[in-house]
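Q: I have a model open and want to go through it piece by piece. Can we start with the terms and then look at the parts?

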Amino acid sequence: MNLSQIEYDKRYLFAMFYDHNGYAEKLFLMKSFNNGKDHYYFRLFLYLPNGKEILLGYLYFFIDENKKESKFIGCCVKNEYRNQGIASLLISSWLLFCLNNNIIDLNTNRKQSKPFLLYLLKKFSFEINNPAIYNTSLNTIYVCQKYESLAKILLFKGEKQREMFEKSTSFQKDNYEIIDNLTADITVKDEVMLDKIYSLNDQNYGYQRALKMHQKYFDHAR
């Protein structure tokens, strides 16, 4: 899909899936104009037999065609539809759309509030400019996993960063669990920082992983 062909406030079907009940899930690309800037969105909807449309999740981002740059702004999945791969699907769609349109400089805007989203972005080869700082900064957050748990478990290096996160909307509206230290049934999966820009380091790896995630979601939904 060419960027020049996208009209404001119009839905463009990007992908279509079917869940285990045979209900259609449609992923749309949209563009709007807000505060002097073009905003792009991916929105995933579920369609029930009665015709009702349910928004499952969305991702939004900026694009600068002249700089061949796109900035990830944020992503949200409704509580009852989490842990189904929707966030990874939306991130994959953003990567595929941008790279297919020669938008090759992909990064996050600096302000990010969801550690788990940064963890997912890292799986697509996003990283901060100097990863060595994870070892020295008190703002480092360890993303952990507990055996047979779907909770998003976090271990904070610095108490100030922990206190700030506990007061955030992201913490209050998601299933994050904060721990004081590691135990035998908890492992560290990765480390992230909320105050740094994450950029795509390996375009080919990110693109191929995005293709695989689209297929994985299709197979899971089917």
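A: Burial first: buried means under 20% relative accessible area, exposed over 50%, and partly exposed in between, with a 1.4 Å probe and protein chains only. By that rule Pro-49 is exposed, with a relative accessible area of 67%.

Q: What kind of model is this, and how are residues numbered?
A: The model is predicted; local features need pLDDT of at least 70 and side-chain atom pairs count only at pLDDT 80 or more, while totals for chains, interfaces and linings use all residues. Residues are numbered from 1 along each chain as its sequence is written, and side-chain values use heavy atoms, with hydrogens and water left out.

Q: Back to Pro-49. Where is its place?
A: Pro-49 is in the loop between β3 (37–47) and β4. Helices (H or I, at least four residues) and strands (E, at least two) are DSSP runs, numbered from the N terminus.

Q: How many bridges hold β8 to β11?
A: Six, in the antiparallel sense, with β8 covering residues 141–146. Cys-144 stands opposite Val-188 in β11, and Val-143 has Asp-190 as its bridge partner there.

Q: And how many join β8 to β9?
A: Four, and these two strands also run antiparallel. Tyr-142 stands opposite Leu-155 in β9. β8 and β9 form a hairpin with five residues between them, and Glu-148 in the turn has a positive phi of about 60°.

Q: Is α2 mostly covered or mostly open?
A: Mostly covered: seven of its nine residues are buried. Among them are Leu-117, Tyr-119 and Lys-122. Just after α2, Ser-125 takes a positive phi of about 80°.

Q: Different topic. How many aromatic pairs are there?
A: A search of the whole structure finds 18. Rings of Phe, Tyr and Trp (its six-membered ring) pair if their centres lie within 6.5 Å; planes under 30 degrees apart count as stacked, over 60 as edge-to-face and the rest as tilted. Phe-17 and Tyr-217 form an edge-to-face pair, 5.0 Å centre to centre with 80° between the planes.

Q: Which elements do Phe-17 and Tyr-217 lie in?
A: Phe-17 is in strand β1 (residues 12–18) and Tyr-217 in helix α5 (residues 203–221), so the pair ties together parts that are 200 residues apart in sequence. Phe-17 is buried at 2% relative accessibility, and Tyr-217 is buried at 5%.

Q: What about Phe-61 and Trp-94?
A: Their ring centres are 6.4 Å apart and the planes are at 50°, so the pair is tilted. Phe-61 is in strand β4 (residues 53–64) and Trp-94 in helix α1 (residues 86–100), 33 residues apart. Phe-61 is buried with a relative accessible area of 0%, as is Trp-94. Both belong to an aromatic cluster that includes Phe-14, Tyr-40 and Phe-126.

Q: Which residues touch the most other members of the largest nonpolar core?
A: Phe-61, Trp-94, Phe-97, Leu-106 and Phe-126, in a core of 57 residues. The largest share, 11 residues, comes from α1. Another core, of six residues, lies apart from it, and Cys-144 and Ile-153 are among its members. A nonpolar core is a set of buried Ala, Val, Leu, Ile, Met, Phe, Trp, Tyr and Cys residues joined through side-chain atoms within 4.5 Å.

How values were computed:
Two strands pair if DSSP finds at least two bridges between them.
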